[in-house]
Amino acid sequence: TQTEMEGRYQDVWVLIDEEDDVETWDVDADLALVGRPAARQDGAARAAGRVRYTVDVRLAGMLHAAVLRSPVAHGIVRGLDLDAARSLPGVRAVLGPESELSFTARTPAFAAEPRYAGQPIAAVAADTPDQARAALAALALEIEPLAHVVDPQHALVEQRFVSDPVEEARGDVDAALAAAEVRVELEIETPAHLQTPLEPHAAVASWDGDELTAWVSTQGMFSARDELAKSFGVRKDQVRVLTAFVGGGFGGKQGAGFEALVAAELARVSGRPVRLVNDRHAEQLDGGRRAATRQTIRLGARRDGTITAIDADAVIAMGQGGWVFPVTIPARTLYRCDDVRTMTFPVKTNLRPQNAFRAPGVMEGVTAFEQAVDELASALGIDPLELRRRNHADVDQASGLPYSSKQLLWCYDRAAELAGWERREDLRGPQPDGLLRGMGCATQIWWGGGGPPSHATVRLDGDGHAQVVTGIQDIGTGTLTSARIVAAEELGLPLDRVRVSGGDTRPNVYGPVAGGSQTTPSVLPAVRSAAAKVRKTLLQLAGDVLEIAPDDLHVRDGRIRSRDGALDVDVIEVTGKLGDATIDGSGSRGPNPDGFRVHTFGCQIAQVAVDAAVGEVRVERVVAVHDVGRIVNPLGASSQVEGGVLQGMAFALTEELVLDPTTGAPVNAHLDDYKLPTIADVPEITIDFAPVPDANLPNVGAKGLGEPPIVPTAAAIANAFAHATGRRCAALPLTRARVL
Ligand code: MOS
């Protein structure tokens, strides 16, 4: 089958059996647990500080690693005294540019000619953190600065690209623009945005002969395992990755990362376990980044609001490389239009390679494109929400394929109702507090259909309790709890009789990277299939024990009942016969159906208040309505939306990595001057979901929700700002300097 991850499609082989093909719960299904709010199975332990993250791992004899990083954006190492560092007390391993490394995943892992500030030059491992820091000083780095380019415009003029510019087109956009009754053009800059997870990148590695155990703060423990096995020339089953709890990733932790590879190499060289944890400055310098963009959008339309031409350019400040994000996807797919051209210019600058960050590309694209759509609405004198309705795309504009499900028009209506959209002009009158108010909207599009491979096992014991094993690494989203709900529903057990585990590659129950909004739609159908097999066996056993045909039995709330109501017993009456034996089932996630594009959709409406005297923009309210198919746990889903809205709000208002053009180094790679929102900045957030499962997706009908809520927030806020002030800022974030 074909699978998709953040817009990249690939062909994969999938092995499933017929019994994996469980019918999807339909919209009217009588469900006891799915769709009802449930607290996290590990919520109390998390809140009490009892859970152990990678940064908390301490092993006997463990060494502490420290990394020497380039202080300049581009330079050449002229002096580095590895022997001086090695001769210090407590120092057990030193790696530098000339080290014979046994891994190749990042070449070179240590640079003799660093090309961004923060790039690793050497690493040490010592008995104590202080000794490791002293060893870095003893390296006595001498570096000769070389010319650098951090200004994307400069890079564009010099044609410095990480890969060739890409044009994607359909129809004849020049003719369509020339023929348009109304034209608008808008240029918007979006900022470099740091993932800033609460737990920085971290790894602890320990070898026992040729077996490696690695605790890794990662979104992808299986990809970390595979990368480590390949890098060190051992089999996958000789590497165990443990990722029980992760303090956030947001896209910046897909795989083993530099940290796990270097910790494992230092551990191999020293023969001791090694801990490598980024300090906050290292994390903000080299943990990852959503690239800054400059986008130019030209739209043509008829007076009735029909968009007839879309021409969009995006310059992406890639840094030293990385995957080129689909920044122009919204221009090509958000609205119905036959004449479209997009250009992508991935320019090379002296920054770390950009990496994935929650809805990579599409979020930046929507941020610019949806502002241009509002400019068009102003030019036409049409209500912005109405303009979006009139240009609704019934099929995927890029492929021509139908969507597996699309409730976007419902989302527009519901968001308008919740926000009081029809009273938005009242906000613009004189306000008692003297602030300028406005309301703006934006459309959300993203992938998130998930796919195979994904597996789960369920084991029901004699006490009537089930243990579910998955390949989920919970990056803070509560997915294990959603898996628990689905398993309990299918098994007919109360929640407290089901435990779900993940975060360990040892059972070899595969799950995907927790990215691309794919965990829920990929893993939960496998969990349900596994549970369905166990339920079937349970009812067969019950038929034997109770001497009744299994087809006349069903199980719910931990009780097995006959259809005629005559029989009603606890599950334990049946499982108790097993003694220490268990009923086991394993499930696999089947492919998505052919002939559809799976996307999520939504609409957000923001209300802002602007203090024109000091340039302060406050977001007062955000209404977020999304179509992500079935909602398994409304509590978890709501907190996911709140997180996305806050991260999108900060992108619109305060978060921006600022570079010193003279040195090329970031000047605010710290938390004291890189402004994240705090609780005082949180607006009222009103959330709803389209109440329609995706009937074309396997067995649960859920699409993913990790990324969708961040997609439209900044555009909605920028549009609300323009509505309030009559001005549009050419660059985000809307800092006081830009607003005044
Ligand atoms: Mo991706 S940005 O890891 O969801």
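Let's start at strand β11, residues 211-216: four bridges join β11 to β12, and the two run parallel. Within this pairing, W215 sits opposite L242 of β12. Keep in mind that this is a predicted model.

Now zoom out to the sheet around that pair. Strands of a sheet pair through backbone hydrogen bonds, either parallel or antiparallel. Here the pairing is mixed, and seven strands make up an open sheet, in the order β5-β6-β3-β13-β10-β11-β12. The edges go to β5 (91-95) and β12 (239-242); each has a single partner strand, so one side of each is left without a neighbour in the sheet. If you go from strand to strand, neighbours are turned by 20° against each other on average, ignoring direction.

What lies across this sheet? That's helix α7, residues 257-270, which lies across β3 (63-69), β5, β6 (120-126), β10 (202-208), β11 and β13 (274-277). Relative to β10, α7 runs at about 35°.

Several residues of α12 are buried, namely L408, C411, Y412, R414, A415, A416 and A419. So what covers them? The cover over the buried residues of α12 includes helix α11 (384-390), along with strands β17 (436-446), β25 (600-611), β26 (616-627) and β27 (684-689).

Conventions: Residues numbered from 1 in each chain as written. Predicted model: local features only at pLDDT ≥ 70, side-chain atom pairs only at ≥ 80, totals over all residues. Pairing = 2+ DSSP bridges. Axes fitted to C-alpha atoms, helices over the stretch in contact; angles between N-to-C directions. Contact = placed C-beta atoms within 7 Å. Buried ≥ 20, exposed ≤ 12 C-beta atoms within 10 Å, placed from the backbone.
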